[in-house]
Amino acid sequence: MAPTALLSVSDKTGLVHLATALQRRHGFRLICSGGTAQLLRQDGGLTVTTVAEHTGAPEILNGRVKTLHPRIHGGILAERHKPEHREDLQRQGIPTIDLVVVNLYPFEATVADATVAWEQAVEVIDIGGPAMLRAAAKNHAHVSVLTAPSQYEPFLEALAAGGPDLQQRRRLALAAFRHSAHYDAAVSQWFGAQLEESEPLQLTLPRRQRLRYGENPHQSALWYGDSRAGWGAARQLQGKQLSFNNLLDLDAALASVQDFPPPQAAAVVVKHTNPCGVATGVDPATALQRALAADAVSAFGSVVAVNQPLDAAAAAQLAAIFVECVVAPGVSAEALACLAPKPNLRLLVLEQAAVAGASGQQLRTILGGVLVQQRDQQPVDRSTWQVVSTAQPDATLLAELDFAWRVVRHVRSNAIVVSKDQQTLGIGAGQMNRVGAAELALAAAGENTHGAVLASDGFFPFSDTVQLAANAGIRALIQPGGSKRDEDSIAACNAHGLVMICTGRRHFLH
């Protein structure tokens with residue numbers, strides 16, 4: 001008897017090629033659901049049997065019930081080596097099914113639209129598909145199951161070599177169970193979000209690659225991520241394989257540069273997840289030159305992000321120094337040619353749509369558990385700011401304070417940023433006390449502090465930071481406010497004629 005394949009897919013990529021090879025090269029009989037059957041008849045010129053023809057039962061309930069039938073599941077689940085199973089099949093006139101090719105309704109794509117109606121989302125919850133996948137995967141000793149177009153060619157190669165062996169079928173079964181588990185997790189998470197009910201954290205991210213090592217060579221590491229959004233959707237144009245630390249630094253650089261949307265060009269230079277140079281400019285090359293100059297020593301071996309496509313002039317800046325990674329929303333052909341002589345430089349393109357499509361959740365692990373929070377990516381809202389000093393800022397000073405405030409939220413706490421002309425001059429990061437962070441930032445800025453501004457990610461518990469700023473010639477300060485001693489800091493500002501703004505929002509980053 002000819003082998004039988006059951007095909008019912010939503011993603012029809014590569015399906016005609018697969019089905020043609022199955023029927024014409026390997027003699028498979030094809031059973032297909034309605035849309036799949038129509039495609040194979042029209043585009044492939046293949047002879048197919050519809051599910052309704054195979055079962056003798058028409059599709060009902062607008063297609064909600066079509067494959068849930070003993071002639072389908074009996075043919076998939078029968079264990080060929082058991083006489084009682086063979087007798088059941090013979091008594092019922094059920095042929096065996098040797099291959100199941102199924103991928104599921106596009107639920108995640110449907111609910112990605114936040115305005116989707118409840119009824120529309122529910123209608124793309126697949127019932128028959130997961131049942132067939134699980135049945136075929138369970139009976140992998142006798143049945144092969146394909147869930148992704150990337151599996152088609154390797155399966156055809158295995159057929160040509162005599163058929164997939166048990167180990168190959170087990171791996172295909174594992175992929176099917178993972179496909180079904182990911183689907184169920186997406187449905188349950190969406191339901192939970194709609195009903196605002198808590199539920200267990202479910203992660204079914206595919207493994208992208210094994211990394212060379214983790215933070216240090218003695219630590220093993222893996223990268224898991226969705227290929228449709230976030231870093232999983234980035235395209236690496238050149239360079240060595242990304243490392244664990246590269247990815248952490250790239251993520252920090254991207255988060256920082258995202259705070260400066262076009263049309264103004266912005267560049268961020270990151271070292272060990274902290275910005276060491278941030279600047280804006282009239283074009284990417286100018287922004288990049290200023291960001292690199294902000295801390296030229298730390299820029300060596302850094303990771304760079306720009307908010308506009310990388311052009312030849314910007315690439316020339318990067319070609320002149322050693323940087324580990326660069327990410328941009330696009331790279332011109334001229335820029336690519338300019339950086340080609342640096343084959344170790346990791347050059348990535350990550351488009352804004354992929355950034356916007358990534359989850360807003362942030363996960364951190366602790367011993368034996370996981371912490372989940374929303375990313376600190378709320379837009380800056382100047383309407384909530386309060387000028388608490390006697391001195392008032394003009395529009396130029398407000399823009400400078402806005403710049404420093406956008407940067408400081410991406411610096412590890414305790415964090416202080418000193419800037420002038422929308423270029424960072426000094427950054428104090430990760431200090432045990434705020435005055436220590438201020439001393440580092442002011443020392444790094446040196447004589448350039450006169451007329452600059454200072455931003456703090458947390459409130460000033462004492463007036464000592466204000467005194468340091470005044471002594472260095474700082475013109476204005478921005479901080480969340482909320483300390484019991486706010487009045488001491490405000491009084492110190494007034495005594496020195498400084499502007500102080502309280503934003504009402506803290507930006508700790510641990």
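What follows is a chat about the labels used for this model.

Modeller: Before we start, this is a predicted model, where local features need pLDDT of at least 70 and side-chain atom pairs count only at pLDDT 80 or more, while totals for chains, interfaces and linings use all residues. Residues are numbered from 1 along each chain as its sequence is written, and side-chain values use heavy atoms, with hydrogens and water left out.

Colleague: Fine. What makes S3 and S5 edge strands?

Modeller: Start with the open sheet of five strands, which has the order S3-S2-S1-S4-S5 and parallel pairing. Strand S3 (49-50) and strand S5 (144-146) each pair on one side only, and that puts them at the edges. Strands here are DSSP runs of E, at least two residues, and helices are runs of H or I, at least four residues, numbered from the N terminus.

Colleague: And how do you know that S4 and S5 pair?

Modeller: Two strands pair if DSSP finds at least two bridges between them. Strand S4 (residues 99-103) is joined to S5 by three bridges, so the pair qualifies, and the two run parallel. One of the contributors is Val100, whose bridge partner in S5 is Val145.

Colleague: Why are H8 and H10 called roughly antiparallel?

Modeller: Helix H8 and helix H10 (residues 166-195) pack at an angle of about 150 degrees, with their axes 9 Å apart. Angles under 35 degrees count as roughly parallel, over 145 as roughly antiparallel, 65 to 115 as roughly perpendicular and the rest as oblique. So H8 ends up roughly antiparallel to H10. The axes are lines fitted to C-alpha atoms, for helices over the stretch in contact, and angles run from 0 to 180 degrees between N-to-C directions. On the H8 side the contact involves Pro130, Leu133, Arg134, Ala137 and Lys138, and on the H10 side Ala173, Ala176, Phe177, His179 and Ser180. Contact means heavy atoms within 4.5 Å.

Colleague: What makes H4 and H8 roughly parallel, then?

Modeller: The axes of helix H4 (residues 70-77) and H8 come within 8 Å and cross at roughly 25 degrees. Therefore H4 and H8 get the label roughly parallel. Ile72, His73, Ile76 and Leu77 of H4 meet Ala131, Met132, Ala135, Ala136 and Lys138 of H8 there.

Colleague: Over to single residues. Why is Asp259 called buried?

Modeller: Buried means under 20% relative accessible area, exposed over 50%, and partly exposed in between (1.4 Å probe, protein chains only). Asp259 has a relative accessible area of 9%, so it is buried. Asp259 sits in the loop between helix H11 (244-257) and strand S9 (265-271).

Colleague: How do you know that Asp259 makes a polar contact with His410?

Modeller: A polar contact is a pair of N or O atoms within 3.5 Å; within protein, one must be able to donate a hydrogen and the other to accept it, and residues adjacent in sequence count only if both atoms are side-chain atoms. The side chains of Asp259 and His410 make theirs at 2.6 Å, and the side chain of Asp259 also has one with that of Arg409 at 3.3 Å.
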